Amino acid sequence: MFGAVVIGVGIAGQVRIRDLLAPEPGSPAEKLAVRGFISRRSLDTQQGVGPISAEEAVSREDIHVAIICTENVSHEDTARTFLQAGKHVCVEYPITLNYKAAVELWDLAQRKGLILHEEHIELLTEDYKQLKREVEGKTLQEGTLHFTGGALKPGFGFPAFSGIARLTWLVDLFGELSVTAATMEEDAENSYSKMTAKLLTSDNRPLTWIEERGPGLPRSKNINFQFDKCTMTQIPPAPRGTVGLFMQDLIYFSAKLAGQVSPEELQREKTRILHCLELADRIQSLCQQ
């Protein structure tokens with residue numbers, strides 16, 4: 001069994017505790033046992049699980065895994081602390097708010113023989129899986145992905161990092177990308193921001209990624225992908241899966257712990273994650289020039 005501690009008990013942390021207490025039967029997630037949670041707040045027992053201090057979690061021999069569900073700004077330091085203590089780490093995206101630090105964390109995990117896993121539930125949704133099936137085999141001419149959502153809370157980082165799930169979609173669909181331009185419109189008084197990034201595929205097809213946030217904006221993703229023979233303007237609807245997204249992610253992380261994921265797949269995933277973080281870094285620096 002792998003003893004786990006959950007760090008941060010907001011919505012995602014509560015879901016993680018729930019899934020650890022009732023893992024999918026017959027899945028590798030049954031090999032995880034929740035030993036406690038860490039919170040900045042003084043909280044009583046949550047779902048029958050008690051609070052522990054970070055110091056205790058780092059030093060306890062029956063805790064092998066840290067599951068990090070805090071604000072983005074604290075992911076890097078928390079992941080580093082637990083990796084240095086010899087614990088496997090599962091962290092919500094983005095693992096860090098800059099590319100260089102992410103490379104350092106992956107190097108640290110590799111040196112210590114530990115699993116470092118960045119959660120990407122956006123790739124596990126049924127509508128994304130359907131979109132990927134429909135895009136497969138088509139030749140892109142140009143495309144746009146425009147995300148809108150409520151105002152960004154403090155601690156979530158620059159939009160290229162807080163919105164890296166959308167960038168991950170584009171890289172997963174269309175392969176390696178490069179950044180040609182990026183701009184940022186901001187109205188801090190009204191908590192409004194709009195980031196626009198111009199990207200190119202490896203065969204020089206243009207993609208535009210827009211992250212637009214402000215009070216009252218609906219949470220939605222709008223696509224316009226023009227292919228050689230058709231245009232897609234809607235994410236295809238798909239029935240909800242029977243297994244929850246965080247549970248799917250927990251099963252995948254557990255499979256890594258159990259050595260059930262091939263080195264080739266681990267390397268492909270690491271390459272994609274670091275590529276997305278490097279793109280986000282580039283977008284941020286262009287916006288801030």
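This is a predicted model: local features need pLDDT of at least 70, side-chain atom pairs count only at pLDDT 80 or more; totals for chains, interfaces and linings use all residues.
Local features required a pLDDT of at least 70 and side-chain atom pairs a pLDDT of 80 or more, whereas totals for chains, interfaces and linings use all residues. Residues are numbered from 1 along each chain as its sequence is written, and side-chain values use heavy atoms, with hydrogens and water left out.

Aromatic rings of Phe, Tyr and Trp (its six-membered ring) were paired if their centres lie within 6.5 Å, with planes under 30 degrees apart counted as stacked, over 60 as edge-to-face and the rest as tilted. The count comes to three aromatic pairs. In one of them, the ring centres of F174 and F225 are 5.2 Å apart and the planes stand at 85°, so the arrangement is edge-to-face. This pair links distant parts of the chain, F174 lying in helix 7 (residues 164-174) and F225 in strand 10 (residues 220-227), 51 residues apart; helices (H or I, at least four residues) and strands (E, at least two) are DSSP runs, numbered from the N terminus. Both F174 and F225 are buried, where buried means under 20% relative accessible area, exposed over 50% and partly exposed in between (1.4 Å probe, protein chains only). F225 also pairs with F227, with centres 6.5 Å apart and planes at 70°, so this pair too is edge-to-face. F174, F225 and F227 form one aromatic cluster.

Seven of the 10 residues of helix 3 (residues 75-84) are buried, so the helix is largely enclosed by the rest of the structure. Among the buried residues are H75, E76, R80 and F82. Just after helix 3, G86 takes a positive phi of about 85°.

The structure holds 14 salt bridges, each defined as a side-chain nitrogen of Lys or Arg within 4 Å of a carboxyl oxygen of Asp or Glu. D19 forms a salt bridge with R18, the closest N and O atoms being 3.2 Å apart; D19 is buried at 4% relative accessible area, while R18 is partly exposed at 46%. K100 and E104 form another, with a closest N and O separation of 3.1 Å. These two residues are four apart in helix 4 (residues 99-112) and are therefore separated by about one helical turn. K100 is exposed, at 57%, and E104 partly exposed, at 34%. D172 forms a salt bridge with K132, the closest N and O atoms being 3.1 Å apart. The latter pair links distant parts of the chain, D172 in helix 7 and K132 in helix 5 (residues 126-135), 40 residues apart. Salt bridges that share partners join R35, E56, R60 and D62 into one network.
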